[in-house]
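Keep the picture open while you read.

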Amino acid sequence: MERELPSLKRNDLICNDLPLHIAVTGEIGTGKSTFVNAFRGIDNKDEGAAPTGFVETTMKPEPYPHPIYPNVTLWDLPGIGTTKFPADQYQKYVEFKKFDFFILVSADRFTENDAKLAQEIKTMGKNLYFVRSKIDDNLKAAQRSQREYDEEKTLQEIRENCIEGLEKQGVETPQVFLVSGFDLHLYDFPALQDTMERELPSHKRNVLILTLPNVCKSIINKKKEVFRSQIWRHAITSAVVAAVPLPGLSFAADVGILVKVLRDYLFGFGLDEKSLEKLSRDTNTPLDDIKPVFTCLCSGKSVTNELVLMMLQSGALVSAALVAEEGSRWIPFIGIPTASALSFTSIYTFLSSTVNSLSPTAAEMDNREA
């Protein structure tokens, strides 16, 4: 039962190992590292986090692979405009060509150095997004100083001020997004996610979607659609193995496939053990109070062969199809095609049902965090 297909690697099933390189740059103290960590779904104090501080902590381009999908890397670039990294020599230190797109972070007005860097990136045909960080701090200051505080009006004024400043420095149609590195679900981060996804080449779009933090219902729905679009590949793999006339091989392979795919589903939807423990800490909610909303047996659990077997047995139709598959394989002439068809159908049905069950739970978890 422990036997697995040697050719199946964990991330091959979902992201196909397509590399995605995202550059995060800007001047000292703008919150670049905090943004890199938040984008990757980890806290500043977590192991593997980009170091943060009030002085320049990034002395060279530092790669930070996504903790779940290592083919996706966020690069924390050194601050531009310092004596060590002057603006006119910045490209010499940073290999612009290897990045898929750039995110330029500022905690105040975008500077002349930012504008120069933006124009350099644009000449290379790369997409660039301006992120105005620490918006939560700006709103708190405005609330203390304004007699008639209006959050939406304040946000719009900050956004327009940034755009106007960049345009005066020669940047055409800049895209500016207001973001809090500690509360990504607020302000413009969902709009930034949508824009990055829309402007990426189609073959890398799904890679980005699966790595984005679950800060809104729309990204959860997009992940659901990506997962659903991949189900046929897993089902075909199962069908191909089912055609091999070796007793028990097909069932063992199916279990191995399902273990790997379910792990990806839990990580992608933020329903794995570590993500739920973090949610419990962040919301000060005991895990026992979160578990009652789970509608899928694998939510919040370590996915093992034994758990997959339990899930298969709990679904009468899928379980019956797998049993019928083993028996039909030995029928002359039609046995192998029948076994392959049953294997395809059972895996497709099981994974479709699981995705449909997990996505509403992920949305509920997102509501709790918000």
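## Strands, helices and how they meet

Tyrosine 64 has leucine 74 in β3 as its bridge partner. Keep in mind that this is a predicted model. Strand β3 (residues 72–76) and β2 run antiparallel, joined by four bridges.

Now for the whole sheet. It is open, with six strands in the order β2-β3-β1-β4-β5-β6 and mixed pairing. β2 (62–65) and β6 (176–178) each have a single partner strand, so one side of each has no neighbour in the sheet. On average, neighbouring strands are turned by 25 degrees against each other, ignoring direction.

Helices pack on this sheet too. α1 touches β1 (20–26), β2, β3, β4 (101–106) and β5 (127–132), while α5 lies across β5 and β6. Here are their angles:

| Helix | Strand | Angle between directions |
|---|---|---|
| α1 | β1 | about 150 degrees |
| α5 (residues 151–168) | β6 | about 150 degrees |

Let's zoom in on α1 (residues 32–39), which holds asparagine 37. Is asparagine 37 buried or exposed? Its relative accessibility is 0%, so asparagine 37 counts as buried. Leaving out residues up to four places away in sequence, asparagine 37 touches Ile42, Asn44, Ala49, Ala50 and Thr52.

The axes of α7 (residues 202–211) and α8 (residues 217–242) come within 9 Å and cross at roughly 125 degrees, which makes α7 oblique to α8. The crossing is left-handed. On the α7 side, Asn206, Ile209 and Leu210 make the contact, with residues including Phe227 and Gln230 on the α8 side. By class, this contact has five nonpolar, three polar and two charged residues.

Definitions and conventions: Residues numbered from 1 in each chain as written. Predicted model: local features only at pLDDT ≥ 70, side-chain atom pairs only at ≥ 80, totals over all residues. Heavy atoms only, no water. Helix = DSSP H or I, 4+ residues; strand = E, 2+ residues; numbered from the N terminus. Buried < 20%, exposed > 50% of the residue type's maximum accessible area, 1.4 Å probe, protein only. Contact = heavy atoms within 4.5 Å. Axes fitted to C-alpha atoms, helices over the stretch in contact; angles between N-to-C directions. Parallel < 35°, antiparallel > 145°, perpendicular 65-115°, else oblique. Left-handed = near helix turned anticlockwise from the far one by under 90°. Nonpolar A, V, L, I, M, F, W, Y, C, P; charged D, E, K, R; others polar. Pairing = 2+ DSSP bridges.
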